[in-house]
There are 2 protein chains.
Amino acid sequence: MARRPTLEFWYEFASTYSYLAAMRIEALAEAAGVEIRWRPFLLGPIFAAQGWNSSPFNIYPTKGRNMWRDLEREAARLGLGPVTRPASFPQNSLSATRTATYGADQDWLIPFSKSVFEASFARGQSIAEPNAVSQILDRLGLDGVQILKAASNEANKTRLRVNGEEARSRGIFGAPTFLTDDGELFWGNDRLEQALAWAGGERPGSLR
Amino acid sequence: MARRPTLEFWYEFASTYSYLAAMRIEALAEAAGVEIRWRPFLLGPIFAAQGWNSSPFNIYPTKGRNMWRDLEREAARLGLGPVTRPASFPQNSLSATRTATYGADQDWLIPFSKSVFEASFARGQSIAEPNAVSQILDRLGLDGVQILKAASNEANKTRLRVNGEEARSRGIFGAPTFLTDDGELFWGNDRLEQALAWAGGERPGSLR
């Protein structure tokens with residue numbers, strides 16, 4: 001039996017367009033016959049290496065204003081509910097990302113990740129405090145306190161750091177990013193369809 | 001008879017994604033029943049105001065590498081021929097933009113603009129020298145030398161500068177940008193379809 005092609009979905013919990021991608025990738029991947037590997041990571045260190053100490057949407061205000069309006073429009077077009085901006089942006093996503101890194105091979109990774117995104121961008125809640133992350137886990141029927149404790153161990157912190165180095169070494173500079181088995185990189189929620197088509201073996205017309 | 005809705009298409013000749021938009025906007029606008037107003041402008045002063053002295057695709061090399069690959073893929077997907085990178089990027093687009101500004105109300109504005117984009121990104125030719133611009137006009141059956149001379153007059157230079165101030169005051173921070181009659185701004189070739197739908201009166205589902 002042929003192995004299904006896979007596509008890596010690199011996402012950052014503080015990223016608005018990662019939210020859009022996370023909410024729609026499962027249905028699209030199913031239709032395309034592509035397996036998704038969810039890869040949580042921290043964009044902060046990558047932005048810092050580019051000389052940014054915040055989101056470019058904060059550093060360049062006109063770009064930021066457009067992003068929030070575009071997010072509203074795109075969320076509506078994609079059939080998601082209204083967007084609610086979190087009080088602080090970008091949110092500190094360390095605790096949530098550590099948790100997702102710890103949950104990489106767990107059944108709860110995807111529902112947890114989607115719950116974090118919805119808390120942040122559909123309900124505008126803080127996801128920055130460990131307690132907020134713990135409550136999200138609890139609501140999924142998990143033991144939040146125990147998982148956060150386990151996610152704080154050194155092995156998991158190292159894993160998170162190594163993932164970040166992998167992201168940078170594979171050319172990732174923003175989120176979401178989609179990486180195919182053959183190393184093709186697609187950046188942004190706007191390229192999800194193209195990334196899935198590529199992963200499934202399609203190549204655009206005249207491409208060399 | 002109802003007036004057709006209009007959409008302003010703000011484009012910069014040095015911009016790769018403006019190229020993609022320019023090559024496909026006519027057919028899409030026709031299908032959508034929307035009138036396009038072609039608005040050439042210079043992005044340089046706007047980038048300079050953001051502290052950039054070059055294209056962000058040069059300032060951030062990983063972003064730049066992705067952009068060129070993405071441009072190849074998207075050009076192929078959209079049915080355009082292969083992309084050929086000009087030797088220098090971004091090209092100095094002053095002469096071409098002055099010419100297009102002078103041609104704002106002329107029949108040749110659109111064929112001229114598309115010819116400049118094709119020279120730059122399909123054939124990888126220089127469009128920076130007045131002579132290159134003049135030859136493009138000649139090949140359209142126009143008098144290149146005469147038009148370039150007329151485009152260099154003070155009134156036209158002022159018009160170009162005023163257009164740039166209009167771009168900035170209306171929130172433009174990149175190219176291509178689409179602006180609707182009711183002031184909705186859409187940035188990027190990826191939003192052309194959404195901009196046309198908005199101009200035609202459609203509103204995404206749950207949008208406030």
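**Sheet, chain A.** I started with the sheet: in chain A four strands make an open sheet in the order 2-1-3-4, with mixed pairing. For my own reference, strands are DSSP runs of E with at least two residues, helices are runs of H or I with at least four, and both are numbered from the N terminus. Two strands pair if DSSP finds at least two bridges between them. The edges are strand 2 (35-40) and strand 4 (185-187) of chain A, each of which pairs on one side only. From one strand to the next the twist averages 20 degrees.

Before going further I wrote down the ground rules. This is a predicted model, where local features need pLDDT of at least 70 and side-chain atom pairs count only at pLDDT 80 or more, while totals for chains, interfaces and linings use all residues. Residues are numbered from 1 along each chain as its sequence is written, chains are lettered from A and ligands numbered from 1 in the order in which they are written, and side-chain values use heavy atoms, with hydrogens and water left out.

**Strands 1 and 3, chain A.** In which sense do strand 1 and strand 3 of chain A pair? I found strand 1 (residues 6-11) and strand 3 (residues 177-180) of chain A antiparallel, over four bridges. Opposite Trp10(A) I see Thr177(A) in strand 3 of chain A.

**Helices on the sheet, chain A.** Helix 9 (residues 154-169) of chain A packs on the sheet and touches strand 1 and strand 2 of chain A (contact means heavy atoms within 4.5 Å). The direction of helix 9 makes about 110 degrees with that of strand 1 of chain A. I noted that axes are lines fitted to C-alpha atoms, for helices over the stretch in contact, and that angles run from 0 to 180 degrees between N-to-C directions. Helix 6 (residues 109-122) of chain A also lies across strand 1 and strand 2 of chain A, and it runs at about 55 degrees to strand 2 of chain A.

**Helix 5 on helix 7, chain A.** I checked helix 5 (residues 94-102) and helix 7 (residues 130-139) of chain A next: they pack at an angle of about 40 degrees, with axes 8 Å apart. That makes helix 5 of chain A oblique to helix 7 of chain A. My cut-offs are under 35 degrees for roughly parallel, over 145 for roughly antiparallel, 65 to 115 for roughly perpendicular, and oblique for the rest. Ser95(A), Ala96(A) and Thr99(A) of helix 5 make the contact with Pro130(A), Val133(A) and Leu137(A) of helix 7. I sorted the contact residues of helix 5 and helix 7 of chain A into four nonpolar, two polar and no charged. Nonpolar covers Ala, Val, Leu, Ile, Met, Phe, Trp, Tyr, Cys and Pro, charged covers Asp, Glu, Lys and Arg, and the others, Gly among them, are polar.

**Helix 1 on helix 6, chain A.** Helix 1 (residues 16-32) and helix 6 of chain A pack at about 135 degrees, with axes 10 Å apart. They are therefore oblique to each other, and the crossing of helix 1 and helix 6 of chain A is left-handed. Among the residues that meet are Tyr19(A) and Met23(A) of helix 1 and Phe117(A) and Phe121(A) of helix 6. The contact residues of helix 1 with helix 6 of chain A come out as seven nonpolar, two polar and three charged.

**Cis prolines, chain A.** Most peptide bonds are trans. The bond from Phe89(A) to Pro90(A) is cis, with omega near -5 degrees, and Pro90(A) sits in the loop between helix 4 (61-77) and helix 5 of chain A. Another cis bond joins Ala175(A) and Pro176(A), with omega about 0 degrees. I located Pro176(A) in the loop between helix 9 and strand 3 of chain A.

**Chain B.** Strand 1 (residues 6-11) and strand 2 (residues 35-40) of chain B pair in the parallel sense over six bridges. Trp10(B) stands opposite Arg39(B), and Thr6(B) opposite Glu35(B).

Key:
A crossing is left-handed if the near helix is turned anticlockwise from the far one by less than a right angle, and right-handed if clockwise.
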